[in-house]
Amino acid sequence: MGISMNKHLKPLSFPNECPEQYIPLDHEPMFSAKKHLSLEKPESIYSLKNLGYSEEEIVNCESSFGFCSAFRILSEEGVKVMKHICERIYNNRNESAGTGANRLGSYARGAGYRSKFIRDFCDSPELAKHLSTIAKVTLGRHSVPAVACGINYAPDDITKAVDTWHVDSVSFDVVMMMSNPLLIKGGEFQIFNGTKEEGRDLLGISGEEGVDASLPQERITSIPFPSAGYGFLQQGSMIFHRACRLLEKADRTTMIPSFEILPRSAQDDTNSINMSGWSDPGICPELARHEISRASARLEELLEQVSLKDHPSDLVRKIDRAVNKLISFKNNLEESCK
Ligand SMILES: [Fe+2]
């Protein structure tokens, strides 16, 4: 393995700046993996094949991992600290909450800008290593801060779903319960037992954004959370999922740390074009950093592979593979600036 490969096994560092809308918390405890994590193994793991994806579809994915049952992530102490931090950030959550422009009711994306504790938790190599073992693929903290550390709160209006049927714009994410699940009526996290195409066809929608409608009950699995601090991992870009509406007003807070496949030269299903339409401050530069980092890792790898015997058509194919995601992202930005 060359030096460049090793370098690309580390997640891209977070930006040095912070959007001015985000207020960093003061007086936070320091995150310690030893003290705040209590990583356990999930009891069951389901593959994309279990959900009905074909061999051809699976080959085109980053991994054949589908999702798993919830397992313990935070220690008792970790839950206590994290819960308090989520409560403190609630008053500085994203502004677009409740405007109807977003699928989610109430959330704080980019929570790592507000909390160093959350940032260090999401960035912890212990967590990434544990998740990599579960998914059987090398995962690192996602390089886009908006999704690397997200918090979802219950919407103020409980007649609204916490989150409607959708797939994610990033391929791997953890959904970690931060509230006491015994005190929540409704609000179940559900997964459709089928492919995303089937799910969309049944609902009559296209694209990845959600719709608040019903799917046949017998094809839905709810993921139980035994207590706060438990979470599960999913290849969210391939799993059609939602969080149901609450039946009674309750605290239902989840943390959603996202991950990307490493090395950075590997295939990456992050949907940067979709995410560039989000209203989060700094989102376009965050996505640009991500796409530049992935493209430059692929280019560096390509530089080591180019042979004087390469046919021009091979070169075109290889160069395209290295840069086409970055170029499409750039073209889309250009269009939306007009
Ligand atoms: Fe999701």
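Two strands pair if DSSP finds at least two bridges between them. Helices (H or I, at least four residues) and strands (E, at least two) are themselves DSSP runs, numbered from the N terminus. With those terms, select the open sheet of four strands in the order E7-E12-E9-E10, whose pairing is antiparallel. Its edge strands are E7 (163–166) and E10 (220–222), each of which pairs on one side only. Neighbouring strands of this sheet are turned by 20 degrees against each other on average, direction ignored; axes here are lines fitted to C-alpha atoms, for helices over the stretch in contact, and angles run from 0 to 180 degrees between N-to-C directions.

This is a predicted model, in which local features need pLDDT of at least 70 and side-chain atom pairs count only at pLDDT 80 or more, while totals for chains, interfaces and linings use all residues. Residues are numbered from 1 along each chain as its sequence is written.

**An edge of the sheet**

Asp163 is the residue opposite Ala243 in E12.

**The whole chain**

Zoom out. The protein chain holds 12 helices and 14 strands. Its C-alpha atoms fill a box of roughly 65 × 50 × 45 Å along the principal axes. A compact globule of 338 residues would have a radius of gyration near 20 Å, and the protein chain agrees with its 20 Å. That radius is taken over C-alpha atoms, and the globule rule is 2.2 Å times the number of residues to the power 0.38.

Colour by burial next. A residue is buried if 20 or more other C-beta atoms lie within 10 Å of its own, exposed if 12 or fewer, and partly exposed in between, with C-beta atoms placed from the backbone. Of the 338 residues, 42% count as buried. Contacts are also counted here (two residues whose C-beta atoms, placed from the backbone, lie within 7 Å). Of the contacts in the protein chain with a separation of 6 or more, 84% are between residues 24 or more positions apart.

**Strand E11**

Select residues 230–235, which form E11; six of its six residues are buried. In a regular strand the side chains alternate between the two faces of the sheet. On one side of E11 are Tyr230, Phe232 and Gln234, on the other Gly231, Leu233 and Gln235, and all are buried.

Now show the partners of E11. Strand E3 (residues 71–72) runs antiparallel to E11 and is joined to it by two bridges; there, Arg72 stands opposite Tyr230. Strand E8 (residues 172–177) pairs with E11 over five bridges, also in the antiparallel sense, and Val174 stands opposite Leu233.

In soluble globular proteins, nonpolar side chains tend to be buried together. A nonpolar core is a set of buried Ala, Val, Leu, Ile, Met, Phe, Trp, Tyr and Cys residues joined through C-beta atoms within 7 Å. The largest one has 74 residues, of which Ile151, Phe232 and Leu233 touch the most other members. Helix H4 gives the most to this core, with six residues.

Select H4 (residues 76–89). At 1.5 Å a residue its 14 residues should span 20 Å, and its end C-alpha atoms agree at 20 Å apart; the expected span is 1.5 Å times one less than the number of residues. Its buried residues are Gly78, Val79, Val81, Met82, Ile85, Cys86 and Ile89. Among the elements covering them are helix H2 (33–36), strand E4 (106–108), helix H6 (116–122) and strand E6 (150–153).

Centre on Ile151. Leaving aside neighbours within four places in sequence, Ile151 is in contact with Cys86, Ile89, Tyr107, Ala108, Ala111, Thr253 and Met255.

**Backbone exceptions in loops**

Most residues other than glycine have a negative phi, and most peptide bonds are trans.

- His27, in the loop between helix H1 (3–7) and H2, has a positive phi of about 50 degrees. His27 is exposed, with 5 other C-beta atoms within 10 Å.
- Lys136, in the loop between helix H7 (125–135) and strand E5 (139–141), has a positive phi of about 55 degrees. Lys136 is exposed, with 11 other C-beta atoms within 10 Å.
- Pro263, in the loop between strand E14 (258–261) and helix H10 (272–275), is joined to Leu262 by a cis peptide bond with omega about 0 degrees.

**Last stop**

Finish at Pro226, in the loop between E10 and E11. Pro226 counts as partly exposed, with 13 C-beta neighbours inside 10 Å. From Pro226 to His27 the C-alpha distance is 30 Å, across 199 residues in sequence.
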